[in-house]
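Welcome to this guided tour! Please open your viewer, get ready to select residues by number, and follow along stop by stop.

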Amino acid sequence: MRIGILGTGNVGQALAAAWLRAGHDVVLGSRRPGDEELLTGLKGLLQAGLRVDDPAGAAAHAEVLVNATPGTASVALLTSIGAPALAGKVLLDVAVGFLEDESLSHQVVSLGEEIQRALPDTRVVKSLCTIDRAVMVAPESLEGPSTVFLSGEDAEAKRVVAGLLADLGWPAESLLDLGGIVTARGQEHFALLFIGIALSTGSFEFNIRFVPPAARAGAS
């Protein structure tokens, strides 16, 4: 599959490396695609087949576009590419917006919702924003099974994203579809609890698991 990833930070690079290993055609979108320092830092990925382009080029390449940019800049960057260029595409949004005081930049509605409103013809799916980049690409590194969530309006787009999550190592039983894009609010607001857990335990490499109630004897 042709994947475009917007954002050249740790999350974007981790996802790019994992999907390259799975055999996908990955282009990383950067506002400075010719920057020598950036290209030097990406040397290993470039040798593995990664290509670097500007955001519009990465979007044009993509069947699935991944938003791994800082959440405070995501809407502006995506709208600069243009709604017509993104119409019909699956957009996997993994970003969360933080302000300098560590509060969320999207407190009333989620970033996922804002992206969907700005790009009504783009099929937005929110996922992977409740875990650290290391766990995103290596769920087997945890002691047991855990849960990753999906929010979005388009069932087929969710199916496509589920396939890409499987390529990262997430089994179908770990995926929990929360419903429409409005449910991305819960995913993004979990970031505050995530930070609290990380600071308390001294590690960002953990996840949560949905545990259903035990079956009761005699229940029909």
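One term comes first: a salt bridge is a side-chain nitrogen of Lys or Arg within 4 Å of a carboxyl oxygen of Asp or Glu. What you see is a predicted model, in which local features need pLDDT of at least 70 and side-chain atom pairs count only at pLDDT 80 or more, while totals for chains, interfaces and linings use all residues. Residues are numbered from 1 along each chain as its sequence is written, and side-chain values use heavy atoms, with hydrogens and water left out.

**Stop 1: a salt-bridge network**

Select Asp93, Lys126 and Glu188. Salt bridges link Asp93, Lys126 and Glu188 in a network. Side chains of opposite charge can pair when their charged atoms come close. How many salt bridges does a search of the whole structure find? The search finds nine.

**Stop 2: three pairs that tie parts together**

Now select Asp25 and Arg51, whose side chains meet in a salt bridge (3.2 Å, N to O). Asp25 belongs to strand 2 and Arg51 to strand 3 (residues 51-53), so this pair ties together parts that are 26 residues apart in sequence. Here, helices (H or I, at least four residues) and strands (E, at least two) are DSSP runs, numbered from the N terminus. Are these two residues buried or exposed, or something in between? Buried means under 20% relative accessible area, exposed means over 50%, and partly exposed is in between (1.4 Å probe, protein chains only). Asp25 is partly exposed at 31%, and Arg51 is partly exposed at 42%.

Next, pick Arg185 and Glu113. The closest N and O atoms of their salt bridge are 2.6 Å apart. Arg185 sits in helix 10 (residues 184-201) and Glu113 in helix 7, so the pair ties together parts that are 72 residues apart in sequence. Arg185 is partly exposed, with 31% relative accessibility, whereas Glu113 is buried at 5%.

Lys158 is in helix 9 and Asp177 in strand 8, so parts that are 19 residues apart in sequence are tied together. Lys158 is buried at 11% relative accessibility, while Asp177 is partly exposed at 46%.

**Stop 3**

Which residue of strand 8 is the bridge partner of Ser151? The partner is Gly179.

Strand 7, helix 9 and strand 8 make a right-handed β-α-β unit. To check the handedness, point the strands away from you: in a right-handed crossover, the path from the first strand over the helix to the second runs clockwise.

**Stop 4**

Select helix 5, residues 74-81, where Ser74, Leu77, Leu78 and Ile81 are buried. Why do these residues share a side of helix 5? They cover an arc of only 95 degrees around the axis, which puts them on the same side; the arc is that of the directions from the helix axis to the C-beta atoms. An α-helix has 3.6 residues a turn, so residues three or four places apart point the same way.

The face turned away from the buried side carries the exposed residues Ala76 and Ser80. Among the elements covering the buried residues of helix 5 are strand 1 (2-6), helix 4 (55-61) and helix 7 (111-118). Just after helix 5, find Gly82, which takes a positive phi of about 110 degrees.

**Stop 5: Ser30 in its loop**

Go to Ser30, in the loop between strand 2 (25-29) and helix 2 (36-41). Ser30 is buried, with a relative accessible area of 4%. Leaving out residues up to four places away in sequence, Ser30 touches Thr8, Leu38, Val52, Asp53, Asp54 and Pro55, where contact means heavy atoms within 4.5 Å. A polar atom of the Ser30 side chain also lies 3.0 Å from the backbone nitrogen of Arg32.

**Stop 6: two positive phi values**

Finally, compare two loop residues. Glu102 is not a glycine, and its phi is positive, near 70 degrees. Glu102 is in the loop between strand 5 and helix 7 and is exposed at 58% relative accessible area. Leu128, also not a glycine, has a positive phi of about 65 degrees. Leu128 lies in the loop between strand 6 (123-127) and helix 8 (133-136), and Leu128 is buried, with a relative accessible area of 0%.

Key:
Pairing = 2+ DSSP bridges. Polar contact = N/O pair within 3.5 Å; in protein donor to acceptor, adjacent residues only side chain to side chain.
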